[in-house]
Structures are given as structure tokens and as C-alpha cells.
Amino acid sequence: MTVRKGPGSPLAELQDWYRSPLGAEVAALESACVQRLLSDTFGYYLVQIGVTESFRDAMASSRIRHRILMPCEQPSGHGGREIVGLPSRLPLASDSIDALLLPHTLDFSPDPQAVLREVERVLIPEGRVILLGFNALSAWGLWSLLHGSGTQVPWCGRFRTAFQIEDWLSVLGFDIELREHIMFRPPFRRALGPSCAAFDTLGRRLWPILGGVYLIRAVKRVATLTPLRPAWGRRSLLRGGAAEPTTRRAGHA
């Protein structure tokens, strides 16, 4: 299934914003955190949904065998494995993905809870999702309230708190493994200089929940009355069996 969206969508414009001085600072912090969170995550398939360019180094450093990009736009043309689709209707088979990375995908989705339901559907039991979002409970959230009536990215997005996202994840059966907040500087270009570095130091120490960006890593828990047998192979990756991975089919114990 391939869904093409025209130019100018918020996620496409977010990638452009990441190239601005302020956006590049945020991207560097986010990429470093994502790389650390992926360092102890293993499996066959890792899929990144949304903006892709700013997290290529983090994805490349992952120990997960197959890394797939889903830019939600036309293929980027940068090479590698790519699929295109809607976050609320992932073109992926159920119980097929070991880890998902969603950088600000929920911020610009018209139905973020539908996106999370799809995340739960495609992840294998004990699979992990890493979510990044702009924090409503921060100077960035306040700036968004003042300027969010327009179409400028990222301020046109729907900022939420990490606690709201965690509530949604808990309803779907996820356990929260980790939550972090970063980027305590106000969202101004002049705040990028060394004279404002104290914002980050003091923020992490005194008001850790007020960072402009939150990161959440959650694991999909599945209650079962019988032990799970080891899977020696993997099911088809794409929804509807459109493509068969080069792994052996599951055998019998």
C-alpha cells in the first residue's frame, strides 16, 4: 500500500525546520538521545515513521538487523529501504516489527490515538516504541499557544505532555521504560549561544519535566496463560503478505 501526499505537509515542513539554526540544535540533541535509547534494543526490524533525514546516524548505529524508513511522503531518494504510508494505517503486518521510532509524528497527526493503535498492532510482543514530542508544559508549549493559530512548523502542531502520551500507551497495554526531557532553552535563536547554556544545566537539575522536547520508550506487554515458544523465523513484513522476508518460516517445537 502506498499513499502519496502532496508537498507542504507539516511533517515535510518539519524536516525543513530541522535545517534551521534552532531546528538543527534540537535535531542534534534528539538524535543523540535516540542513538542511546536504540543501543540496547535488538531484533530484526526497526521502522522510523515521519521525518527521516535528521536521524540517519542514529538509525545507522542501531544493532537491529533491518532498518526501514517510512517518510510519510514520496520516497526520499537517499537510498536504503523505504516504504510510504499513513501513520494511522501502517502498511505493515501485525506482530512483525521489533522497534518503532516516531519523531514528532503524534504532534502533527489528526488522530494520534489511531497512530498508537497501529503501533500496538504491528509491534511484536515485547517490541519497543520510541516517541519524541514537543512538550506542552514548557516554554516551547507556551510559545506554541501564542503562535499556533498559523501554519508555521513546528508551532502549528498539537503539543502535549509526556504524561498524556503515557496514559494512552498504558491503555493499549504498554509499560513505560523510560521518559526524558531535553532542550530547556527557550525557542529563540539567540538562546543557542554559550551564554544560555545554564538553561540546560539548571533545567535538568531543578525542573526536569519542563524541557521543550520529551522522549518516551515503551514496551508492548502481552498477557498470556501459556509460555511463548521461540520463533525461529519471521512472518511477512508488509501487510497482506506483499513481500516475504528472507528468513525461515516458523517451525514447530
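This briefing covers the fold, the nonpolar cores and selected residues of the structure above. The model is predicted. The protein has seven helices and seven strands, and of its 253 residues, 48% count as buried. Among contacts between residues at least 6 apart in sequence, 70% join residues at least 24 apart.

**Fold and sheet**

- Read from the N terminus, the elements of the protein follow the order α-α-β-α-β-β-β-α-β-α-α-β-α-β.
- The seven strands form an open sheet of mixed pairing, arranged as β3-β2-β1-β4-β5-β7-β6.
- At the edges of this sheet stand β3 (81–82) and β6 (174–182), each of which pairs on one side only.
- Strands of a sheet pair through backbone hydrogen bonds, in either a parallel or an antiparallel sense.
- The pairing between β5 (residues 123–134) and β7 (residues 213–220) is antiparallel and extends over seven bridges.
- Leucine 131 stands opposite isoleucine 216 in β7.

**Nonpolar cores**

- In soluble globular proteins, nonpolar side chains tend to be buried together.
- The largest nonpolar core holds 32 residues, and those with the most contacts inside it are Leu14, Trp17, Tyr18, Val34 and Trp140.
- Two or more residues of this core come from each of α1 (10–17), α2 (21–38), α3 (56–60), β4 (97–103), β5 and β7.
- Helix α2 gives the largest share of this core, with seven residues.
- Another core, of 28 residues, lies apart from the largest one and includes Ile49, Ile83, Ile97 and Phe174.
- Leaving aside residues up to four places away in sequence, valine 34 touches Phe55, Ala58, Leu101, Leu132 and Leu215.

- Glutamate 30 is found in helix α2.
- Glutamate 30 is buried yet has no salt bridge, and the nearest side chain of opposite charge, that of arginine 36, is 12 Å away.
- Not counting residues up to four places away in sequence, glutamate 30 touches Tyr18, Phe55, His104, Leu132, Ile182 and Val213.

**Cysteines**

- A disulfide is a covalent bond between the sulfur atoms of two cysteines.
- With a cut-off of 2.5 Å between cysteine sulfur atoms, the count comes to zero disulfides.
- Cysteine 33 is buried, at a relative accessible area of 9%, whereas cysteine 156 counts as partly exposed at 25% relative accessibility.

**Backbone geometry**

- Valine 153 and proline 154 are joined by a cis peptide bond, with omega about 5 degrees.
- Proline 154 lies in the loop between α5 (139–147) and α6 (162–171).
- Aspartate 95, in the loop between β3 and β4, has a phi near 55 degrees, a positive value in a residue other than glycine.
- The relative accessible area of aspartate 95 is 33%, which means that aspartate 95 is partly exposed.
- Glutamate 126, in strand β5, is another residue other than glycine with a positive phi, here near 70 degrees.
- Glutamate 126 is partly exposed, with a relative accessible area of 39%.

Methods:
Residues are numbered from 1 along each chain as its sequence is written. This is a predicted model: local features need pLDDT of at least 70, side-chain atom pairs count only at pLDDT 80 or more; totals for chains, interfaces and linings use all residues. Side-chain values use heavy atoms; hydrogens and water are left out. Buried means under 20% relative accessible area, exposed over 50%, partly exposed in between (1.4 Å probe, protein chains only). Two strands pair if DSSP finds at least two bridges between them. Helices (H or I, at least four residues) and strands (E, at least two) are DSSP runs, numbered from the N terminus. A nonpolar core is a set of buried Ala, Val, Leu, Ile, Met, Phe, Trp, Tyr and Cys residues joined through side-chain atoms within 4.5 Å. Contact means heavy atoms within 4.5 Å. Lys and Arg count as positive and Asp and Glu as negative; His and the chain ends are not counted. A salt bridge is a side-chain nitrogen of Lys or Arg within 4 Å of a carboxyl oxygen of Asp or Glu.
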